[in-house]
Amino acid sequence: MNLDKFIINGGNSLKGTVTIGGSKNAALALMPATLLASGKYQFSNMPELKDISTMSRLLEMMGVDIEKKGDEVRLNTFRVNKFEAPYEQVKKMRASIYVLGPLVARYGYAKVSLPGGCAWGPRPVNLHIEGIKKLGAKIEINQGYIIAEAKRLKGARISFDVSSVGATGNVLMAAVLAKGMTVIENAAIEPEITALAEFLVKMGAHIDGIGTTHISVEGVDALQPANETMIPDRIEAGTFLVAAALTGGQIRLEKCNPSHLTSLITKLEETGSKLQMGDNWIKIKSPKIPKAVDVTTAVYPGFPTDMQAQWLSLMSVAKGASVVTDAIYFDRFKHVPELIRLGANVELNRNTAFVKGVKQLKGAKVMSTDLRASASLVLAGLVADGKTEVLRVYHLDRGYERLEKKLKSLGAKICRVAGKEY
Ligand code: UD1
C-alpha cells in the first residue's frame, strides 16, 4: 500500500492561480454508463485520480478496453463479457455499485458485491436495490453479493424516501433501457446527476425533468456511444477556496463552475472573504482572520457534506464560536480528534461540532481514514505553527489530483515524502 505522507510548514498565505480538474463523482457515474451501449467513447477533462483508476480496473475486468492519454480517456465496450463486480474492487471504492443498473438493464444480469460500511460509518445501498427491484429485476443477496436478473426491465414509479445521488444515478441508468415510462421522485439534483442525465440523452435516452427532483424517463430499445467533457470538480474548487480563506490568501480558480458552489460562496462571504466570479472562474480575497459562521450540510444546492471537514478546519481558527452540523452523514467526523491534536477547540455531540476558534493551531503528526477528512488536515496544516505531517495521503490521492503540487504553486510549503510503513 502506498503510505506517502505530506510534510507541511504552516504560515504562508496562498496567492496565485490554480486550475480545477474534472469532477471525480461525475466521471465515476459516466464511466459505468458506457456499459449501456457497445462501442467507443471518449471522455475529456478527466481527473487523474486513484478512484478513476479503480473504476477503470473494474470496467476492464468486465471486458472494457480503456486507453488513457493526458486528460482523455477512451473506452471501448465492444467486448464486455463479464457482469460481475467482485468484493476486492467494490471494497476499494463504493461507487463501484454504479455498474449494477447498467449491467442489469443491458445484459439482464449483474453480480455486484455489497459495499459494506465505510471509514466513517454505515452507508446503506438499500435505495439502489429497491429502485432496481421496482424496475422488475429479481434480486437476491447471496454471500455478500447482490445478484440481479431481468429479461427486460419495466418502467415504474420510484419515490425515494431519502435523496440519494448514487441511487438516483443507478436507477436512471437502468431506466433508460427499461420498457415504458419510469418516474423518479425525490431524485437527487446534484450537478453530477445532471451531468449523467445529459450524457445519457447524448446516448439517445429520453429523459425529462433533468436537474429537478422529478425525473421521467421513457425507455428506449437501444442507446449509442457518445463523447463527453467532464464538468469541473466542485469539491476540489471548494477545497481551494477554503484553503485561501484559512490562510488569508488571495487566489483565482480557473476552469471551475461558480454556479455549482453558491452555498459555499455565500458562507465564505459571511466569513469576510470577498469573491468575484465569471462563467468559469472565481477570485477570492480573504481577511487575515475569518469570522465564525455556522453551517449545516444539506442536499444540493445546500452546503455539501463533502465540504464539512474543510469548513471545520476554517472554523478552528475563526474569530468566535460556530456550530457545524452534518445532516447527510451523521458520523462523518473522523477529522475532529485529529484537528484537536493540532490544537483546535471542538466538541462533538452526535452530528454537530461546536467549535471555538483559536488564535493558532500547532503542527503535529495527524492522519485520517477518509478523503475529505484528510483534506481538512492538510488545510489545517497550512496555518498551523511549525511542522504538520499528514500521514496516509493515499486517501487524498483518491480525490485530489496533485494536491501538494497545486498548493505549492500557490505558495504553500508542502512536500510529499515517499512512504514506508511508519
Ligand atoms: C455521493 C458522493 C459523495 C457525497 C454524497 C452526498 C459519489 C461517488 N459520491 O455518495 O461524495 O458525499 O453523494 O452528497 O458521487 N442512503 C440510504 N440508502 C441508500 C443510499 C443512500 O439511506 O441506498 C442515504 C445515505 O446514508 C446518506 C444519504 O442517503 O445519508 C445520501 O447519500 P448518497 O447521496 O446516496 O451518497 P452517495 O451516492 O453514496
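Which residues in H9 are buried?

**Before you start**

This is a predicted model, in which local features need pLDDT of at least 70 and side-chain atom pairs count only at pLDDT 80 or more, while totals for chains, interfaces and linings use all residues. Residues are numbered from 1 along each chain as its sequence is written, and side-chain values use heavy atoms, with hydrogens and water left out.

**The whole protein**

Show the protein as a cartoon, and you will have 14 helices and 24 strands in view; here helices (H or I, at least four residues) and strands (E, at least two) are DSSP runs, numbered from the N terminus. The radius of gyration is 21 Å, close to the 22 Å that the globule rule gives for 422 residues, so the protein is as compact as a globular protein of that length. That radius is taken over C-alpha atoms, and the rule is 2.2 Å times the number of residues to the power 0.38. Along the principal axes, the C-alpha atoms fill a box of roughly 65 × 40 × 40 Å.

Of the 422 residues, 58% are buried, where buried means under 20% relative accessible area, exposed means over 50%, and partly exposed lies in between (1.4 Å probe, protein chains only). Among the contacts with a separation of 6 or more, 73% are between residues 24 or more positions apart, a contact being heavy atoms within 4.5 Å.

**Helix H9**

Now select residues 262-270, which make up helix H9. The buried residues in H9 are Ser263, Leu264, Ile265 and Leu268, and the buried residues of this helix pack against helix H8 (234-246), strand E16 (274-277), strand E17 (281-285) and helix H10 (308-316). In an α-helix there are 3.6 residues a turn, so residues three or four places apart point the same way.

Not counting residues up to four places away in sequence, Glu270 touches Lys291 and Val293. If you draw a distance from Glu270 to Asn126, C-alpha to C-alpha, the two are 38 Å apart in space and 144 residues apart in sequence. After H9 comes Gly272, whose phi is positive, near 110°.

**Helix H1 and Leu28**

Select residues 24-33 for helix H1, and within it pick out Leu28, which counts as buried at 2% relative accessibility. Leaving aside neighbours within four places in sequence, Leu28 is in contact with Asp51, Ile52, Met55, Met93, Ala95 and Tyr98. The C-alpha atoms of Leu28 and His260 are separated by 18 Å, although these residues are 232 apart along the chain.

**Aromatic pairs**

Rings of Phe, Tyr and Trp (its six-membered ring) pair if their centres lie within 6.5 Å, and planes under 30 degrees apart count as stacked, over 60 as edge-to-face and the rest as tilted.

Select Phe43 and Phe199, an edge-to-face pair with 5.4 Å centre to centre and 70° between the planes. This pair links distant parts of the chain, with Phe43 in strand E3 (residues 40-44) and Phe199 in helix H7 (residues 191-202), 156 residues apart. Both Phe43 and Phe199 are buried, and together with Tyr41 they form one aromatic cluster.

Then turn to Phe83 and Tyr107, whose ring centres are 4.6 Å apart and whose planes are at 25°, so the pair is stacked. Phe83 is in the loop between strand E5 (72-76) and strand E6 (84-85), while Tyr107 is in helix H4 (residues 100-107). Phe83 counts as partly exposed at 22% relative accessibility, and Tyr107 does so at 24%.

**Backbone stops**

Most residues other than glycine have a negative phi, and most peptide bonds are trans. Select Asn45, in the loop between E3 and helix H2 (50-61), where phi is positive, near 55°; Asn45 is buried, with a relative accessible area of 12%. Arg402, in the loop between helix H13 (394-399) and helix H14 (403-409), has a positive phi near 45° and counts as partly exposed at 44% relative accessibility.

Finish at the peptide bond from Tyr300 to Pro301, which is cis, with omega near 5°; Pro301 lies in the loop between strand E18 (295-296) and H10.
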